[in-house]
Amino acid sequence: MATVPAVNISESPEEYQIDLAAPGLNKEDFKVSVERDMLNISTQVSDEHNQTGKFYNRREYSFTAFTRSFALPESTDVDRIEASYTNGVLKLSLPKKEEAKAVSKQIEIS
């Protein structure tokens with residue numbers, strides 16, 4: 001049964017944040033790219049994850065390759081996207097372009 005990792009996507013005035021739950025991998029297993037207006041996250045899991053030399057009596061999880069793609073809003077500053085992988089979560093920070101950041105202004109009522 002093929003599955004893809006769960007994601008959380010949040011937005012603040014400064015950026016979009018994508019958190020992808022993918023425990024048991026190494027940061028080198030991920031490929032993150034932008035093509036046109038699509039953010040692509042994929043893995044090509046190395047054989048060392050699959051061949052441990054062990055015989056399993058029961059195996060409920062395994063490492064498989066996956067691809068997730070997300071349409072990027074026009075407000076995303078593609079040149080400043082950053083990614084990190086810590087404690088089984090791939091975190092992507094997608095900063096917004098300066099002109100797209102919300103400007104807050106108090107309106108006086110007359």
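Author: β4 is mostly covered, with five of its six residues buried. The model is predicted.

Reader: What makes a residue in β4 count as buried?

Author: Its relative accessible area must be under 20%. Five of the six residues in β4 are classed as buried, so the strand is called mostly covered.

Reader: How do you know that β3 and β4 pair?

Author: Pairing needs at least two bridges. Six bridges join β3 to β4, residues 38-43, so the two strands pair. They run antiparallel. Ser-33 stands opposite Asn-40 in β4.

Reader: What joins β4 to β5?

Author: Five bridges join them, and the strands run antiparallel. The cut-off is at least two bridges, so β4 and β5 pair as well. Ile-41 stands opposite Arg-68 in β5.

Reader: Which order do the strands of the open sheet take?

Author: The order of the three strands is β3-β4-β5, with antiparallel pairing. The edge strands are β3 (30-35) and β5 (67-71), as each pairs on one side only. From one strand to the next, the twist averages 15°.

Reader: What lies between the strands in the hairpin of β3 and β4?

Author: Two residues. In this hairpin, Arg-36 takes a positive phi near 55°.

Reader: How many aromatic pairs are there?

Author: The count comes to one. Phe-30 and Tyr-85 form it, at 5.0 Å centre to centre. The limit is 6.5 Å, so these rings pair.

Reader: Why is the pair of Phe-30 and Tyr-85 called tilted?

Author: Their planes are 50° apart. Stacked needs under 30 degrees and edge-to-face over 60, so 50° counts as tilted. The pair links distant parts of the chain: Phe-30 is in strand β3, Tyr-85 is in strand β6 (residues 82-86), and they are 55 residues apart.

Reader: Are Phe-30 and Tyr-85 buried or exposed?

Author: Both Phe-30 and Tyr-85 are buried.

Reader: What lies over the face of Tyr-16?

Author: Lys-96 does, at 4.9 Å from the ring centre. The distance limit is 6 Å, so Lys-96 meets that part of the rule.

Technical notes
Residues numbered from 1 in each chain as written. Predicted model: local features only at pLDDT ≥ 70, side-chain atom pairs only at ≥ 80, totals over all residues. Heavy atoms only, no water. Helix = DSSP H or I, 4+ residues; strand = E, 2+ residues; numbered from the N terminus. Axes fitted to C-alpha atoms, helices over the stretch in contact; angles between N-to-C directions. Phe/Tyr/Trp six-rings, centres within 6.5 Å; stacked < 30°, edge-to-face > 60°. Buried < 20%, exposed > 50% of the residue type's maximum accessible area, 1.4 Å probe, protein only. Lys NZ or Arg CZ within 6 Å of the ring centre and 35° of its normal.
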